[in-house]
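Have the structure open while you read.

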Amino acid sequence: ALGIGPLRDRLDHSLDLLGEEGRPRHYRLRAVVDWSYGLLDPAERRLLAVLSVFGADFDLEAAEQVAGPVAIGSVALALALARLVESSLVAARETAGGTVYRLLMIVRAFAAERLADAGQEQVARLAHARWISTMVETAAREATGPGCAAALARVDRNRADVSAAARWALQSGHPGLAGRITGALRLCPHWRPDADLIGLISEVARDPGVRRSPAAALALAAGGLAACDMGELAEAERLGAEALRHAAGPAERFLALLSLGIATLYRGDHDRSATLWEQIAADPDFPAAHRAEGHASLALLACYRGDPATAREQAAQARIAAEAAGASGYQAFATYAAGEVALLESPETGAELLRAAAAEADSTGATQVVTVARIALVSALTRLGRHGDALALFPPLLHQARREGNWPQLWTALRILAELLVTLGRQETAAVLLAAARESPSAPAVSGEDVERYRQLEELISQRTGPDVLDQITALARALPRAQVVDRALAALDGLAD
């Protein structure tokens, strides 16, 4: 299926001819690739060279967009690509969405050298970056409608190429193109970049050339969201406010307000946060899916204030707007908000809605909703006394949140885990988690009923450990890097599993 059988046969034949048994394996493979390359015609060689810019799977349409203008006419490209597959220089496999192609690593390295030798690398990478920009911008628009799941899947499938294209554009004199890519990427707000990509989005937002480009507003707002993910809330607000000043169109305004709304929510400034979400919910220029985001977030804020009537009303408005849009990722977020609202009156009902929200989000690729729904779910299960169910969810939840690099959500999960650990007699580890969260600037502010809950929890820990031991634990927690705090939490979970 990967087209490597003929390559292996050709390798064996080449070794017989060349007498290379004593050479390293990579050298022998390189000789085979070189031999196969020599059998191609000039157009096929140019195509293979340009295809080296793809970091992962690509389809025929992507090859036509990137390689067609650079290497070969689009009419002949399909035939040339088939020839490369036949020659085992390109692997092909069938997926539910059709045939996808990939260069094996040694072939990609070889082809990249040929591309550089021909002096076409910059031209090919520019075509690749422009294709990525168009792909992500299209996905961002489609994510607000019935094509949401397919759009998020397309972005996720091309994750490696998105990172490579944005980084190349930033470093090669195309800052505006880098800003278009990262800005459009965050207009798919329920798709989660990984920690490395979050760092790149932040780097793009800081670049002076990006700030002078037409993509400034989107890139700055995307940087604000990246700062939220990293727990740098002052920076998130600064970038969001700057983005809002630059914003000209609805997409730019929405992303800037989204960045500010999340930053102020994490910081505990719920009044200001509510005004930002109200602007999103009421703006007639925004798609229905974006207005659903505003209503769902207002429902969450009403929950934190202990206002169930407003929470129910806003959650219902979120559901209506999300269903009108037909956007599955936003529908999952509306279900999550409804679950948080239901927890106020019926924890069991709320837990079931949160499970449903996580399942909806998982099926559509809205990974951010998966994380927040599961955090709320483990909180509900812990407080319902369903400790076994909560323990089973915590390890994958912490691993996922760490991969995503979202520290405010990680700290929220660690605080909930501390509650569970105290119940199970592991108050020393619980004290470390709570103290580290209290001291970290990347942890969100505790609000509403949680303020009194965690005060009582720390008082209970002090009674069990003694104030002197608690002081020592607090001093240790202050000195621990936050990654080591997560490691301690996972070690405690492993111990409980044993």
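This is a predicted model: local features need pLDDT of at least 70, side-chain atom pairs count only at pLDDT 80 or more; totals for chains, interfaces and linings use all residues.

## A ring tucked away

The charged end of Arg-114 sits over the ring of Phe-110, at 4.5 Å from the ring's centre.

## Its partner across the sequence

So how do we talk about two rings together? A pair of aromatic rings is described by how far apart the centres are and by the angle of the planes.

The whole structure holds seven aromatic pairs. One of them joins Tyr-37 and Phe-110: the centres are 5.1 Å apart and the planes are at 70°, which makes the pair edge-to-face. Tyr-37 belongs to helix α2 (residues 25-38) and Phe-110 to helix α6 (residues 105-117), so this pair ties together parts that are 73 residues apart in sequence.

Is Tyr-37 buried or exposed? Tyr-37 is buried, because its relative accessible area is 15% and the cut-off for buried is under 20%. Tyr-37 has a charge over its ring: the charged end of Arg-45 sits there, 5.1 Å from the centre.

## Two tryptophans in one helix

Now for Trp-407 and Trp-411. Their ring centres are 6.0 Å apart and their planes meet at 45°, so this pair counts as tilted. Both residues are in helix α23 (residues 407-423), four residues apart, which puts about one helical turn between them. Trp-407 is buried at 10% relative accessible area, and Trp-411 is buried at 1%.

## A group of four

Which residues make up one aromatic cluster? Phe-54, Phe-58, Tyr-101 and Trp-131 do.

Key: Residues are numbered from 1 along each chain as its sequence is written. Side-chain values use heavy atoms; hydrogens and water are left out. Rings of Phe, Tyr and Trp (its six-membered ring) pair if their centres lie within 6.5 Å; planes under 30 degrees apart count as stacked, over 60 as edge-to-face and the rest as tilted. Buried means under 20% relative accessible area, exposed over 50%, partly exposed in between (1.4 Å probe, protein chains only). A charge sits over a ring if NZ of Lys or CZ of Arg is within 6 Å of the ring centre and within 35 degrees of the ring normal.
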